Amino acid sequence: MEPSYHAYQIVILDKRYRDFQRGDVIAFTCEDFPALLVKRIAAVPNDTVEIVDGCLYVNHKLDVDASGRGRIDHAGIAQNAVKLSENEYFVMGDNYKKSKDSRDKKIGCVKRSSIVGRVWPHCDRVETEKIIIGS
């Protein structure tokens with residue numbers, strides 16, 4: 001997920017959040033990987049996803065947010081249109097060249113039941129305040 005998130009970075013995972021939207025960063029399980037995976041939702045249930053000429057299309061419209069992150073050289077399973085079911089999400093890492101995500105057959109479309117929660121946006125610096133507990 002670099003440059004947005006880095007390996008071993010501490011994040012907050014909201015396990016109660018269930019209203020997942022395009023652009024949310026989520027953590028999910030995948031049986032081919034021993035740890036939780038963290039990716040951004042590119043498409044939500046019932047969407048159609050396709051990568052054409054290095055660009056992501058969702059419901060036959062260019063995803064301008066994705067195009068701002070650079071060219072997608074590897075289309076994977078999205079080289080042909082993928083229609084998501086009512087409980088599937090298409091996820092992608094922010095680093096298109098290195099990311100293992102829904103384009104990869106080992107991960108594929110992520111089932112809602114595999115999603116552990118939403119990763120809260122991070123801040124670069126945590127501000128602290130000295131608190132003195134009364135006498």
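How many bridges join strand β4 (residues 48-52) to β7? The points below answer this and describe the neighbouring strands.

1. Basis of the note. This is a predicted model, in which local features need pLDDT of at least 70 and side-chain atom pairs count only at pLDDT 80 or more, while totals for chains, interfaces and linings use all residues. Residues are numbered from 1 along each chain as its sequence is written, and side-chain values use heavy atoms, with hydrogens and water left out.

2. Pairing of β4 and β7. Two bridges join β4 to β7, and the two strands run antiparallel. T48 has K83 in β7 as its bridge partner. Strands here are DSSP runs (E, at least two residues), numbered from the N terminus; two of them pair if DSSP finds at least two bridges between them.

3. The four-stranded sheet. β4 and β7 belong to an open sheet with the order β6-β5-β4-β7 and antiparallel pairing. Because β6 (61-62) and β7 (82-83) stand at the edges with a single partner strand each, one side of each is left without a neighbour in the sheet.

4. Partners of β8. Strand β3 (residues 33-43) is joined to β8 by three bridges, in the antiparallel sense; I41 has V91 in β8 as its bridge partner. β8 also pairs antiparallel with strand β9 (residues 110-111) over two bridges, where Y89 stands opposite V110.

5. Burial of β8. Strand β8 (residues 88-92) is mostly covered, with five of its five residues buried (under 20% relative accessible area, 1.4 Å probe, protein chains only). E88, F90 and M92 point one way from the strand, whereas Y89 and V91 point the other way.

Definitions and conventions
Buried < 20%, exposed > 50% of the residue type's maximum accessible area, 1.4 Å probe, protein only.
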